[in-house]
Amino acid sequence: MAPQDISDVIAKIVEDPALSKPEKVIELERLRQNARAEMRAASESAMVDDADTGDDLKHLDLALEALGADSASIEDSGAATL
């Protein structure tokens, strides 16, 4: 996803009055997991461009932080992190 695209998606989730705070966190975490999977795939293949994936993760982490969520996971502290 391009940075503007992810920003729009994040804004729609964060500003959605129908979603509770925990539901927003779940949706943002789901997007974060997808972005990390894309980044992993990009690191394993020369055919995938991961230039925007790091930006996506940054935007998602900032949104999760703003909601007060702890976006750190076991995956972030292990030896196989990206």
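## A buried arginine and its partner

In this predicted model, Arg 32 has a relative accessible area of 7% and is therefore buried, the cut-off for that class being under 20%. Its side chain meets that of Asp 61 in a salt bridge, with 2.5 Å from N to O. The pair links distant parts of the chain, since Arg 32 lies in helix α2 and Asp 61 in helix α3 (residues 53-66), 29 residues apart. Asp 61, for its part, is partly exposed, with a relative accessible area of 24%.

## A salt bridge within one helix

The search of the whole structure finds two salt bridges, and one of them joins Glu 27 to Arg 30, whose closest N and O atoms are 2.9 Å apart. Both residues belong to helix α2 (residues 21-44), where, being three residues apart, they are separated by about one helical turn. Glu 27 counts as partly exposed at 27% relative accessibility, and Arg 30 also falls in the partly exposed class, at 40%.

## The nonpolar core

The largest nonpolar core has 14 residues, of which Ile 10, Val 25, Leu 28, Leu 60 and Leu 64 touch the most other members. Helices α1 (3-15), α2 and α3 are the elements that give two or more residues to this core, and the largest share, five residues, comes from α2.

When neighbours within four places in sequence are left aside, Ile 10 is in contact with Leu 28, His 59, Leu 60 and Ala 63. In soluble globular proteins, nonpolar side chains tend to be buried together.

How values were computed: Residues numbered from 1 in each chain as written. Predicted model: local features only at pLDDT ≥ 70, side-chain atom pairs only at ≥ 80, totals over all residues. Heavy atoms only, no water. Salt bridge = Lys/Arg side-chain N within 4 Å of Asp/Glu carboxyl O. Helix = DSSP H or I, 4+ residues; strand = E, 2+ residues; numbered from the N terminus. Buried < 20%, exposed > 50% of the residue type's maximum accessible area, 1.4 Å probe, protein only. Core = buried A, V, L, I, M, F, W, Y, C linked by side-chain atoms within 4.5 Å. Contact = heavy atoms within 4.5 Å.
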